[in-house]
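Thank you all for coming; I would like to take a few minutes to walk through one model, going from strand pairing to helix packing. Please have the sequence and the structure open while I talk.

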Amino acid sequence: MIPRSCLVVPGSDSRKMAKALSTAADEVVLDLEDAVAPAAKDEGRASVVDALGSRHHKRLAVRINQIGTPWCHRDVLGVVSAAPSRGVTLVVPKVQSVADVGFVDRLVRGVLAQHPARAPEVRLDVLVESAAALRDLHAIVAASELVRAVVVGYADLGADLGRDAAGDPALWDAVRHQVVAAARAAGRAVIDGPWLGTAADAAFTRDRERARALGFDGTWVIHPDQVSEATRVFTPLAEEVAWAQRVVTTLEASVAGGAGAVALDGQMLDEAVAVRARSVLARAESR
């Protein structure tokens, strides 16, 4: 299941992690990178490993440290070794190239080879935070079969592009289009980066609705108060599900009857409409 709402919390703060695990977020992202000071990296990793082993039912992702830092490989080894049977997602920050994805892929596979009997599912989310990542995005998202989703990191990406990440949201439309197209071409999900404010206000809702309209499957959030609204925005409406069911039923009946073109409510149905309908039903059925 692709998460609608992903709540991001510091991996070094046990209190915030416990609170996040008690929310209704589809997934909790334990951050070992930006949210953890260099002197606390080892302590933060230990806290995340403890959280992975705790008895809860929340789906977890872990943002590891950037490739090339002293902590990246330790994060991968520690998190994958401690991954629960239901699996874990590694969020790979500041991905620059296909080689970055390949490096983490090989580390993961090496750790899993040590535990063939239990081998939990480990997925990768690639965090797009640079112009270089945008340039090579099609290759990056297809670089490993472990890649689950692409996530946009607006703060670092804005800095690299010379753009205010908290400025006019419309300035990000072209980037969002590019990310969605690359992700879909590779068969990956696409998750929007967090709104940089902490309130679930009208501005937050408008921008998350725009992301959904552009094709995003879900979003990161940085405050528990934003979880329910994010989940609502990225959940198919009842009328959307009803429409999708009618489309699929009508097309199946048409094929069974040997008919060619078929119309529903004045609209001609074809495979493109069917693909969208099946996508809506898949999102609804996974909840």
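Predicted model: local features only at pLDDT ≥ 70, side-chain atom pairs only at ≥ 80, totals over all residues.

Residues are numbered from 1 along each chain as its sequence is written, and side-chain values use heavy atoms, with hydrogens and water left out.

The strand β2 (residues 27-31) and the strand β3 (residues 59-63) pair in the parallel sense over five bridges, where pairing requires that DSSP finds at least two bridges between two strands. Helices (H or I, at least four residues) and strands (E, at least two) are DSSP runs, numbered from the N terminus. From β2 the chain crosses through helix α2 (residues 41-53) to β3, and this β-α-β crossover is right-handed, meaning that, with the strands pointing away from the viewer, the path from the first strand over the helix to the second runs clockwise.

On its other pairing, β2 is joined by five bridges to strand β1 (residues 5-10), and the two run parallel; P10 stands opposite D31 in β2. Here too the β-α-β crossover is right-handed, with the chain passing from β1 through helix α1 (residues 14-21) to β2.

Which way do the residues of β2 point? E27, V29 and D31 point one way, V28 and L30 the other way, and all are buried, that is, under 20% relative accessible area, as against over 50% for exposed and in between for partly exposed, with a 1.4 Å probe and protein chains only. In a regular strand the side chains alternate between the two faces of the sheet.

Finally, the helices: the axes of α3 (residues 72-82) and α4 (residues 98-113) come within 9 Å and cross at roughly 40°, the axes being lines fitted to C-alpha atoms, for helices over the stretch in contact, with angles from 0 to 180 degrees between N-to-C directions. That makes α3 oblique to α4, since angles under 35 degrees count as roughly parallel, over 145 as roughly antiparallel, 65 to 115 as roughly perpendicular and the rest as oblique. The contact, meaning heavy atoms within 4.5 Å, involves residues including V76 and L77 of α3 and F103 and L107 of α4.
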